[in-house]
Amino acid sequence: MLHRDCWSLEPKLMDKEDHYSNSTNISGFFSPFFNKGAMREDNQSSTLEFILLGVTGQQDQEDFFFILFLFIYPITLIGNLLIILAIRSDIRLQNPMYFFLANLSFVDILFSSVTIPKMLANHLLHSKVISFGGCLTQLYFMIALGNTDSYMLAAMAYDRAVAISRPLHYTTIIRPRTCVLLVIGSWVVGNANALPHTLLTASLSFCGNKEVANFYCDITSLLKLSCSDTYFNVKMMYLGVGVFSVPLLCIIISYIHVFSTVLRVPSTKGVLKAFSTCGSHLTVVSLYYGTVMGMYFRPLSSYSLKDAVITVMYMTVTPMLNPFIYSLRNRDMKAALGKLFSKRLSS
């Protein structure tokens, strides 16, 4: 999980009297995990609501993004679903590379569904309100699925590295059991990284401003709104940044092996084939990590509501583009999709 300049957030301290008299308590269900010596008022957690300011906060621009999201979301669902169906229906695609791709498409469907439907519903209902429970739900699944997506990309890079650098040992290294374990591991790490952040955020108190500077519940925005001591939350974000960054390091190492192997190939045709095989994956990795790093790897003081536009790229546009990137650059995938369409039309 990435966060905007988590090291620059200053811990906020309140005196005990102000804390209990002015703050709104939101711990609810999670309070048994973080009881700091006082009984929490559970009934208040059900009334706490946040205001999602949207992508820009300007109504005319929000209308544009509503139309954009209304266009992007069905394409994302249909495109990724077609990838999954094509892989399942074509025997030629029953191999580790496409197994990882099908799982990546499934994660992208869920990833888009965490935030876009809520944004569309709020716009139609002329409401920007989200309950604290809904906010926590968004927070948890955004962190979990974002990390799972990241580790899935690393698994795909590892698969391509082994296929190119050690082709004779590929079937003994990348076995079906290995593939399943890599996918399960991606989900486990993603959820394990999301749970502590969600619980820690649930233990915070909020007072005064409840406006979240984005179209979804971002953890850094919530920490800025909190009137509790966020020192430990900030420390945990260090760990979250590290956990999210590990797959990028694995991808870099994998492609170092790929390029070092490819450059030793005397045949130009072999080099072109290797780059064609990895080109789609590199494109997706560049889009995903490029926009994420552009958004979060900078000082918190430089962040404003206008920067929420960048989140649209990696949260909505990238999941939509993935099916096109992987299908348009892959002859086997295009053939499988054509076969799938012809089968549906003839039935």
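Author: Helices are DSSP runs of H or I with at least four residues, and strands are runs of E with at least two, both numbered from the N terminus. This is a predicted model, in which local features need pLDDT of at least 70 and side-chain atom pairs count only at pLDDT 80 or more, while totals for chains, interfaces and linings use all residues. Residues are numbered from 1 along each chain as its sequence is written, and side-chain values use heavy atoms, with hydrogens and water left out.

The surface patch consists of Phe99, Val180, Ile184 and Val188, which together have about 320 Å² of accessible area (Shrake-Rupley method, 1.4 Å probe, with only the protein chains shown counting as cover for residues). Such a patch takes residues with over 30% relative accessible area and no salt bridge, nonpolar side chains being joined within 5 Å; a salt bridge is a side-chain nitrogen of Lys or Arg within 4 Å of a carboxyl oxygen of Asp or Glu. Helix 7 (residues 176–202) supplies the largest share of the patch, 3 residues, while Phe99 sits in helix 4 (residues 96–124). Phe99 counts as partly exposed because its relative accessibility is 32%, where buried means under 20%, exposed over 50%, and partly exposed in between.

Leaving aside neighbours within four places in sequence, Leu153 is in contact (heavy atoms within 4.5 Å) with residues including Leu104, Ile251 and Tyr326.

Note on methods
Patches are made of residues with over 30% relative accessible area and no salt bridge: like charges are joined within 9 Å, nonpolar side chains (Val, Leu, Ile, Met, Phe, Trp, Tyr) within 5 Å. Buried means under 20% relative accessible area, exposed over 50%, partly exposed in between (1.4 Å probe, protein chains only).
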